[in-house]
Every structure is written in structure tokens, then in C-alpha cells.
Amino acid sequence: MPLIFPGMDPYLEHPQLWPDVHASLLVYLREYLSPLLLPRYVVALETRVFVEGPDLEHLIVPDAAIHHTRPEPPAGA
């Protein structure tokens, strides 16, 4: 039977199933990217990002973020 929604799978994206599939995909993404980025960068999951600007001041939680392996020292330190 053809999918009624091209490009998505309603069964896979069911609210009870999708969070687990999504989390698993992120772990596999990190495992794939890490060897390509080391030693200079690391892949971090669920890093909080704050976006500022007109009508944009809200918290965004990206699926994955890439960081330098040596964090920048805090300002004024």
C-alpha cells in the first residue's frame, strides 16, 4: 500500500515512537561525525542555544552542535 503522506512515515512518526527513534538517530549521527571532527572538535547533543533579535528571544535546542575540544575561557577570566 503506498504511503498517503509522501516523504514521511506516520507509523514511525507516531508520538509514542518518534522520540525514541529521534534520540537513536542523534546518537548514530554523533558516532558518525566524531571521528571526522576529532581532535579539534567534539559533537554535543542537546546543547542549549539562545537566539537574540526582534521577536527571536527564545530558547532553541538543536539536535546536535559542534564545539571546539578546548572551550573558550569565560569573559573576564
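These points go through the predicted model, from the whole chain down to single residues.

1. Basis. Residue numbers start at 1 along each chain as its sequence is written, and side-chain values use heavy atoms, with hydrogens and water left out. Because the model is predicted, local features need pLDDT of at least 70 and side-chain atom pairs count only at pLDDT 80 or more, while totals for chains, interfaces and linings use all residues.

2. Confidence. The mean pLDDT (the predictor's confidence in each residue, from 0 to 100) of the chain is 76, and 65% of its residues reach 70 or more. Where pLDDT is low, the predicted coordinates should not be read in detail.

3. Overall make-up. The chain holds 1 helix and 4 strands, in the order α-β-β-β-β from the N terminus. Helices (H or I, at least four residues) and strands (E, at least two) are DSSP runs, numbered from the N terminus. Of the 77 residues, 6% are buried; buried means under 20% relative accessible area, exposed over 50%, and partly exposed in between (1.4 Å probe, protein chains only). The accessible surface comes to about 6800 Å², and 62% of that belongs to carbon and sulfur atoms. Areas come from the Shrake-Rupley method with a 1.4 Å probe; for residues, only the protein chains shown count as cover.

4. Contacts along the chain. Contact means heavy atoms within 4.5 Å. Among contacts between residues at least 6 apart in sequence, 29% join residues at least 24 apart.

5. Helix H1. This helix has 20 residues and reaches 28 Å from its first C-alpha to its last, close to the 28 Å expected. The expected span is 1.5 Å times one less than the number of residues. Leu26, Ser34 and Leu37 are the buried residues of H1. They lie on the same side of H1, because they cover an arc of only 75° around the axis, taken from the directions from the helix axis to the C-beta atoms. Their cover includes strand S1 (41–45) and strand S4 (64–68). On the face turned away from the buried side are the exposed residues Asp20, Tyr28, Glu31, Tyr32, Pro35 and Leu36.

6. Ser34. Ser34 sits in H1, which spans residues 18–37, and is buried at a relative accessible area of 19%. What does its side chain approach? A polar atom of the Ser34 side chain lies 2.8 Å from the backbone oxygen of Arg30. An α-helix has 3.6 residues a turn, so residues three or four places apart point the same way.

7. Pro39. The peptide bond from Leu38 to Pro39 is cis, with omega near 10°. Most peptide bonds are trans. Pro39 belongs to the loop between H1 and S1 and is exposed, with a relative accessible area of 70%.

8. Thr69. Thr69 is in the segment after S4 and is partly exposed, at 36% relative accessible area. Leaving aside neighbours within four places in sequence, Thr69 touches Pro39, Arg40, Tyr41 and Val42. Pro39 and Thr69 are 30 residues apart in sequence, yet their C-alpha atoms are 7.1 Å apart. From Thr69 to Val43, 26 residues away along the chain, the C-alpha separation is 9.2 Å.

Note on methods:
Polar contact = N/O pair within 3.5 Å; in protein donor to acceptor, adjacent residues only side chain to side chain.
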